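I opened the notebook to record what I looked up in this structure, entry by entry. The sequence and model come first, and my notes follow.

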Amino acid sequence: MKLRTRDGLILVVAVLAIIGAYLDGDGRWLHWLAKPATTLLIAAIAWQARPAGDAFYRRAVLAGMLLSCAGDIALMLPIDAFVPGLVAFLLAHLCYIAAFRAGLRAGRGLLAAFVLLAAFASINVTGLWPHLPLPMRVPVLAYVVVLALMAVLVLARYWKRPHVDALEAGSARWAAAGALLFVASDSLLAWDRFGGGLPMASLLVLSTYYAAQYAIARSVR
């Protein structure tokens, strides 16, 4: 499938997923079908990357996307499956951590990424903490730590100098964009669920989430 055709299909299905999130009754099926379908279509980008410069990187990213798809399904079920969904996404981020740690070197980039993400995570958790139900505090805190670690690694990889070649530099840019968008999406989701709700929450959360997954998929060289 040509790049423009594939990306256009992803965009259309993602829009359907977002529209479906606002529908009730029978229209809800549109969301239930399109939401995981979008994630799988994005995962196909990584699957079809030819040639793959790093086979382990691609496998780890694909595993993360399949776990993300499981999380998508859990979060949209008519029952409260937030914790299983949280676990699925936590495992997905562990897969991304495994991918992004390759070639990482200690240095100013790693320190800067750590300080930036630690500050953001601390502010976010501090604001959310009074709103979190007691049983959710430890799971949410564990998830925030793993998400922040994933973003730290990918930003440090992006800020590493010099990159081996243009392909590695491009991969690092896509991955860094994906990680930051994932942090944004999960922060919006947390504030919507525990902080009293956000206007246009489904649009904000899903648009940043799909953009994050798309960027990570494009990071497969």
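At what angle do α7 and α8 pack, and how far apart are their axes? I found an angle of about 155 degrees with the axes 7 Å apart, where axes are lines fitted to C-alpha atoms, for helices over the stretch in contact, and angles run from 0 to 180 degrees between N-to-C directions. α7 and α8 are therefore roughly antiparallel to each other, since angles under 35 degrees count as roughly parallel, over 145 as roughly antiparallel, 65 to 115 as roughly perpendicular and the rest as oblique.

Before going further I noted the basis: this is a predicted model, in which local features need pLDDT of at least 70 and side-chain atom pairs count only at pLDDT 80 or more, while totals for chains, interfaces and linings use all residues. Residues are numbered from 1 along each chain as its sequence is written, and side-chain values use heavy atoms, with hydrogens and water left out.

**Helix packing**

I then looked up the handedness, and α7 passes α8 in a left-handed crossing, meaning that the near helix is turned anticlockwise from the far one by less than a right angle (clockwise would be right-handed). On the α7 side the contact (heavy atoms within 4.5 Å) includes W174, F182, L188 and L189, and on the α8 side the residues include L204, V205, Y209 and I216. Helices here are DSSP runs of H or I with at least four residues, strands are runs of E with at least two, and both are numbered from the N terminus.

On the partner α6 (residues 134-159), I read a packing angle with α7 of about 160 degrees and axes 8 Å apart. α6 and α7 are therefore roughly antiparallel to each other as well, and their crossing is left-handed. Among the residues that meet are M136, Y143, L147 and Y158 in α6, and R173, L180, F182 and D186 in α7.

**S187**

I located S187 in helix α7 (residues 166-194). With a relative accessibility of 10%, S187 counts as buried, where buried means under 20% relative accessible area, exposed over 50% and partly exposed in between, for a 1.4 Å probe and protein chains only. The side chains of S187 and N124 are joined by a polar contact of 2.9 Å; such a contact is a pair of N or O atoms within 3.5 Å, and within protein one must be able to donate a hydrogen and the other to accept it, with residues adjacent in sequence counting only if both atoms are side-chain atoms. Setting aside residues up to four places away in sequence, S187 touches F120 and N124.

**Aromatic pairs**

How many aromatic pairs does a search of the whole structure find? I recorded nine, pairing rings of Phe, Tyr and Trp (its six-membered ring) if their centres lie within 6.5 Å, with planes under 30 degrees apart counted as stacked, over 60 as edge-to-face and the rest as tilted. W29 and W32 have ring centres 4.8 Å apart and planes at 80 degrees, so the pair is edge-to-face. These two tryptophans are three residues apart in helix α2 (residues 28-47), which separates them by about one helical turn. W32 is partly exposed, at 25% relative accessible area.

The rings of F89 and Y209, with centres 5.8 Å apart and planes at 85 degrees, are also edge-to-face. This pair links distant parts of the chain, 120 residues apart, with F89 in helix α4 (residues 82-100) and Y209 in helix α8 (residues 201-218). I noted F89 as buried at 8% relative accessibility, and Y209 as buried at 4%.

**Other residues checked**

L75 is found in helix α3 (residues 55-76) and counts as partly exposed at 30% relative accessibility. Beyond its neighbours within four places in sequence, L75 is in contact with K35, A81, F82, G85, F89 and L189.

R58, also in helix α3, counts as buried at 18% relative accessibility, and a polar atom of the R58 side chain lies 2.8 Å from the backbone oxygen of A49.

Where is M200 found? I placed M200 in the loop between α7 and α8, exposed at 53% relative accessibility. The phi of M200 is near 55 degrees, a positive value in a residue other than glycine. Most residues other than glycine have a negative phi.
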